Structures are given as C-alpha cells and as structure tokens.
Amino acid sequence: MANISLQHLDKIYDNKVQAVFDFNLEVKDGEFIVLVGPSGCGKSTTLRMIAGLEDISAGTLLLDGKDITSAPAKDRDMAMVFQNYALYGHMTVYENMAFSLTLRKEDPNVIHKKVLAAAEILDLTDQLNKKPKQLSGGQRQRVAMGRAIVRNPKVFLFDEPLSNLDAKLRGATRREILLLHKRMNATMLYVTHDQTEALTLADRIVCMSMGHVQQVGTPLELYDTPANLFVASFIGLPPMNFFNVRVEEKQLVSTYFKQPLTEDESKLLQPYQGKEIVLGVRPEDIVTGGEVDVQVFSNENLGMNTLVHGRLCGANTQDAQITCKLRGWCDYKAGDCVNVAFVKKHFFDKETTNAIR
Amino acid sequence: MMPISMEEQKAIQLDRMRYTKNTFSSRLTYLAILFDVFYFVSIFESDVGTWYYSWLIGISIVYNLVFMLVAFLASEGVKSYKTGYGYMLLGLGVGQIVRIFILPLMAHTAMTKRSDPVLKKVVEIPVMEDAQFALVIVFLCLSAACCLAAGVVAVIRSRKLAAYNASLSEKAV
C-alpha cells in the first residue's frame, strides 16, 4: 500500500522565491501520476520535496497516513530515478543495482536474487557484467530503474528520466516504463515537460504553471475539457488555435469569420452575450469545407495527415494565425485559400482565462 | 522474500561468481604486498646494508620491485577469476619462503666487526640479531601465507566458475 497525500505544500527558497504554491494532491495506491508543465513551473521541486531532497516550507506530506513531512529521504521508502541516471561509472551494472542493498547489509544471496529478478524485468541480464560506459542511453536508464526496483520501494519517483534519450529510444523506454508499472502495480510519480509522455503514461496528470496547479485529471479530461487557457495551450500537439470572438445572439463573431452556435453552446454562452471571449479550436478539430477562409503559409505532409499553417483570410495580425491538421495528403501551396470548418469548440473567459462550462 | 535453503544458497553463491569479483583473493594479495614492504623496510634496520653491500642487495631490491609489480598484477587478475594469476600467486608465495633462506638467514649467521665506544675495542656481532631476524621472518612468512591462500582460493574459485559456465553453455546448447 502506498497512498500519498500532499496537503497545501509550499516551497519558498532562502532568497524568498516561492517555487510551489499550495499544492494539493491525493495519490492512490498503484496510481501513475505525471506532473507536467514548462521548465521552471515547480514540478521537479515538488517531486524533490516528496523524495525528501528539498525541505517543505509549509504543508503536510502523508505516506499511508503517516506524516513524513520532516522525515529524512532515507526513511521515506521511495526510490528516485534521475534524468542523468546517476550511475557509478567504476561499477558494473550488477554492482550498481546491488549497491543500495549492499549498503543496507542485506544477505548477498538475497541481493543476488533481487538483482537478477530486476534484470529479467528490464531485459538487462546480458548486460550485468558491463560498465555503464559500455551501455546505450536507454540501457543506462534501465539500470537506473533497476536500481530503484531492487529496493522494492513503496513509491517510485521519476525526474524527467527520458530527457537524455533520442526520440526513438524515448518511445521504447516509455513503453517499458508503462509495462513496468503494469507489472509492479506500484505507485509512481513522474515529472516531465513532454506532453506526449504525460498523455501516454499517466493515470492522472497534474498540469502546473508558475508553481500553481492548473488542472488535475485524466489525460482525456485535460485534452478534452481543459480547465483554462494555459492547459488548453499546453496539452495537445500542435497546440490549440485561439481567436478573440464576440458572442452575438446565436453566433460567434470575429473580424474575419462568423461561427453559428448550437443550442447547447448558446445556452452556455448566454451570460456572455455581447461580450468578448476566447474561442479555442484544436488543429485536429478542423475539417475542410466550411465558412472560415484560411490563406495557406506552408504545408507539412505527415503521411496520414497534413499540417496546414496559415492565417485567416483578410487578416494581417498575429492573433489570426491558424494551424489545421487535415486528414490525408494535401498539396496546398503558399497563398492558396482553403475553406475550413470548426468541428469542436472550446470557450474561455477572456478575463479569468478559465474555461466556460 | 522466501527464506533460502542451503542447497539454493550454494547454487546462488556459484551463480553470484558470474557477476561479482573475487575480492577475497585480491585483498589477500594486497596484504601480501604490505607485509613484503614491512619486510623490506625492516631488513635495513640491521647492518645488512654495510655488511653485504654487493650485487645481492641490488638483486634483492630488484626482486622486491618485481614482486610488488607481479603481485599487484595478479591481484587484478584473480579479481576476474583468471586461473593463471592464481598459479602466479602460488609461485610468488613459494618465492617468499625461499627468500627467508637467502638474505635474512645469511645476514643472521654472518658476523661483523664493530668498534665498541664503551669497551674501546673492536667486537664481533651478528649482522642481523635474533629479534630482527625473527621480525623479518614473520613478515616474509605472513606475506607468503597471504600469497598462497589467495592463490589457492583463486584457483579453486576460478575452476568452479569455469565448470559452472561450461555447464550453463551445455544447457544452452
């Protein structure tokens, strides 16, 4: 069992800079939580506070109901995997994996069994006699994970473990982490700035910005119903398109287009009649054949889809730029005009930036 | 984790050798080098330098350097269960015992003349006195014992590991 409860956690450094503001989260046993956000948003600091590598300035941290706010890192029964692997270069893979248990003075035979079991899980059995420098980046990261596995901790903490790997290896290692979680059913907290990792790995995602939690939810919730403009812009690749529009009767009016509203949308936007809001449309929710005219800048064929970058016809400002992810292979040229329609719309309050629901 | 039976423990110990170094033999070899250094430093506490300042002293110094070098090499070799280095350590151990009968024993049995400032006459004394002789013998014996023990353990373990690896290869085939 490993339930973690983070209650009103704050992190204020000695120079009075506050990195984390009122962080609240309940992590259930066996859950895979991903903390995602841009660089400097406080996600790694939060993870380090959980690991005991940073002092908690305010708030309470509970592990299975036990207060571990001030407990030293070694007594927290958590294992952390770092971005830079933190392996001992002079030790073999076997020795690296066995090291923490050797320090605990565990029976060498038991250590051996644990190391072999972890190596089997991570497909490292043939690499046990090698030194880290003889391994690829992915293998090194697997050794770092193996070192965490042999400890059989209550909680696994990953601090951007895939950031040093190339794209192909990152995908493979990501799948391995997912398999590892399914196999061990352990509680895992994972920090990344890569939304693909967050969406593919997480049971729940914690999206952070400037030290504040913006939204906590399943990957689908964050993608489908973003809580505010930040989450909407951060989750999704290519990012969501935003347009300033005015709500008028049963339609949205922009300088460059008009969009009719459905019955439900009209009801939802009733309080905003005559006011300006932000309309968000994901590139993949745009299809050809509609009332919005787009002047094409460039065309990126991805095989299954085509990314069309352009701007709304008649506009010459930055806010009228648009990216469409159209189905199939399209051969538009710069200057072409394409008619598109918005299949799904997201509405945001212009002042609070919160989603209108 | 389930408790491990004795039989399983033996199997695990054997399997562990595939991934762990033979640090026991290696450390014993370091100890042998240390005792050899003690021997070599303490031998010149006696009058041996002035008594027998000849090619024998030179050979003794050179052999000592060679011993330390070869022993260090062997200590690294036995770490990774190389049988040849085990035999090399056995040879070095025997060599340390043989050394007792060369310089120390010769120095112990030989007499040298020295002027006594109290008696104001020349007296004859042993080049290496009993206590000194006993000390160097102890150091050489300890060094030899360490080399021999390290060699024996290394040979036994490396043979066991070679047999185990062979059996694994057979199974794989």
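Two residues are taken to be in contact if their C-beta atoms, placed from the backbone, lie within 7 Å. With that in hand, the place where the two chains of this predicted model meet can be described. Chain A brings nine residues to the contact and chain B brings eight residues. On the chain A side, the largest share comes from helix α3 (residues 108-121), which supplies five residues.

Next comes chain A itself. It splits into domain 1 (4-234) and domain 2 (241-349), and the centres of these two domains, taken over C-alpha atoms, sit 39 Å apart. Where the domains of chain A touch, four residues of domain 1 are in contact with four residues of domain 2. The domain 1 side of that meeting has three nonpolar residues and one polar residue, with no charged residues.

What about the interior? The largest nonpolar core holds 94 residues, and A:V34, A:L157 and A:L189 are the ones that touch the most other members. Helix α4 (residues 137-150) of chain A gives the most to this core, namely six residues. Both domains of chain A take part, since the core draws at least three residues from each of domain 1 (4-234) and domain 2 (241-349). A look at A:V34 shows who its partners are: once neighbours within four places in sequence are set aside, A:V34 is in contact with A:Y190, A:T192, A:E197, A:A198, A:L201, A:A202 and A:I205.

Chain B has a radius of gyration of 22 Å, well over the 16 Å that the globule rule gives for 173 residues, so chain B is more spread out than a compact globule. The box filled by the C-alpha atoms of chain B, taken along the principal axes, is roughly 85 × 35 × 20 Å. As for burial, 29% of the 173 residues of chain B count as buried. Contacts in chain B also reach across the sequence: among those between residues at least 6 apart, 81% join residues at least 24 apart.

Notes
Residues are numbered from 1 along each chain as its sequence is written. Chains are lettered from A and ligands numbered from 1 in the order in which they are written. This is a predicted model: local features need pLDDT of at least 70, side-chain atom pairs count only at pLDDT 80 or more; totals for chains, interfaces and linings use all residues. Helices (H or I, at least four residues) and strands (E, at least two) are DSSP runs, numbered from the N terminus. Domain bounds come from an automatic or database domain assignment. Ala, Val, Leu, Ile, Met, Phe, Trp, Tyr, Cys and Pro count as nonpolar, Asp, Glu, Lys and Arg as charged, and the others, Gly among them, as polar. A nonpolar core is a set of buried Ala, Val, Leu, Ile, Met, Phe, Trp, Tyr and Cys residues joined through C-beta atoms within 7 Å. A residue is buried if 20 or more other C-beta atoms lie within 10 Å of its own, exposed if 12 or fewer, and partly exposed in between; C-beta atoms are placed from the backbone. The radius of gyration is taken over C-alpha atoms; the globule rule is 2.2 Å times the number of residues to the power 0.38.
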